[in-house]
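Colleague: I've got a new model open and I'd like to learn how to read it. Can you walk me through it?

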Amino acid sequence: MPVSKNVVDAEAMCPHRLVLEHVTSRWGVLVLIELLERPYRFSELRRAISGSGGRGVSEKMLTQTLQTLERDGLVHRDAKPVIPPRVDYSLTGLGREAAEQVRALAQWTHNRMDEVEKARRAYDESRRAHAESRRAYDEARDNQSRAS
């Protein structure tokens, strides 16, 4: 698969951010965490990721994600010359390192979700109160200017 000019330009401008995007993408996170357990065949990996909750990953998206992670040196693709073809995916040493970091972040998110939801509710309430206060102020100002 040829690499597009846009990808090459993005890599030249900020290569760190691009790798971070690959590792933390919606499917990249799940692929890395799943492959920490063991190598998978494509269809097994797709089922395992789809079983993680939410909508399942399409074949196209999983293929693109695996190719991207393979290109970054995080995933190893082992194609065996048998009939029918057998392809296994596993983590490289670099991929294992990244996957452990991603798994730690995912675990932190899971452990702290109650606090995040509490913070979101407080933020939303504060924004609502501010918007109501602003509306009242604007109405009072409009009424005052009409009275003048």
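**Reading the fold**

Modeller: The chain has six helices and three strands, where helices (H or I, at least four residues) and strands (E, at least two) are DSSP runs, numbered from the N terminus. This is a predicted model, so local features need pLDDT of at least 70 and side-chain atom pairs count only at pLDDT 80 or more, while totals for chains, interfaces and linings use all residues. Residues are numbered from 1 along each chain as its sequence is written, and side-chain values use heavy atoms, with hydrogens and water left out.

Colleague: What pattern does the chain follow along the sequence?

Modeller: Going along the sequence, you get α-α-α-β-α-α-β-β-α.

Colleague: How many of the residues count as buried?

Modeller: Buried means under 20% relative accessible area, exposed means over 50%, and partly exposed is in between (1.4 Å probe, protein chains only). Here 21% of the chain's 148 residues count as buried.

Colleague: And the nonpolar core: which residues touch the most other members?

Modeller: In soluble globular proteins, nonpolar side chains tend to be buried together. A nonpolar core is a set of buried Ala, Val, Leu, Ile, Met, Phe, Trp, Tyr and Cys residues joined through side-chain atoms within 4.5 Å. The largest one in this chain has 23 residues, and Val31, Leu35 and Leu45 touch the most other members. Two or more residues each come from helix H3 (26-37), helix H4 (42-50), helix H5 (59-71), S3 and helix H6 (93-147). H3 gives the most, with six residues.

Colleague: What does leucine 45 touch?

Modeller: Contact means heavy atoms within 4.5 Å. Not counting residues up to four places away in sequence, leucine 45 touches Val31, Glu34, Leu35, Tyr40, Leu62 and Leu66.

Colleague: How do I read the way H3 and H4 cross?

Modeller: Two packed helices are described by the angle between their axes and the distance between the axes. Axes are lines fitted to C-alpha atoms, for helices over the stretch in contact, and angles run from 0 to 180 degrees between N-to-C directions. The axes of H3 and H4 come within 10 Å and cross at roughly 110°. These two helices are therefore roughly perpendicular to each other (under 35 degrees counts as roughly parallel, over 145 as roughly antiparallel, 65 to 115 as roughly perpendicular and the rest as oblique). Where they meet, H3 brings Trp27, Leu30, Val31, Glu34 and Leu35, and H4 brings Leu45, Ala48 and Ile49.

Colleague: What about H4 and H5?

Modeller: They pack at an angle of about 110°, with their axes 11 Å apart. That makes H4 roughly perpendicular to H5. Phe42, Leu45, Arg46 and Ile49 in H4 meet Glu59, Leu62, Thr63 and Leu66 in H5.
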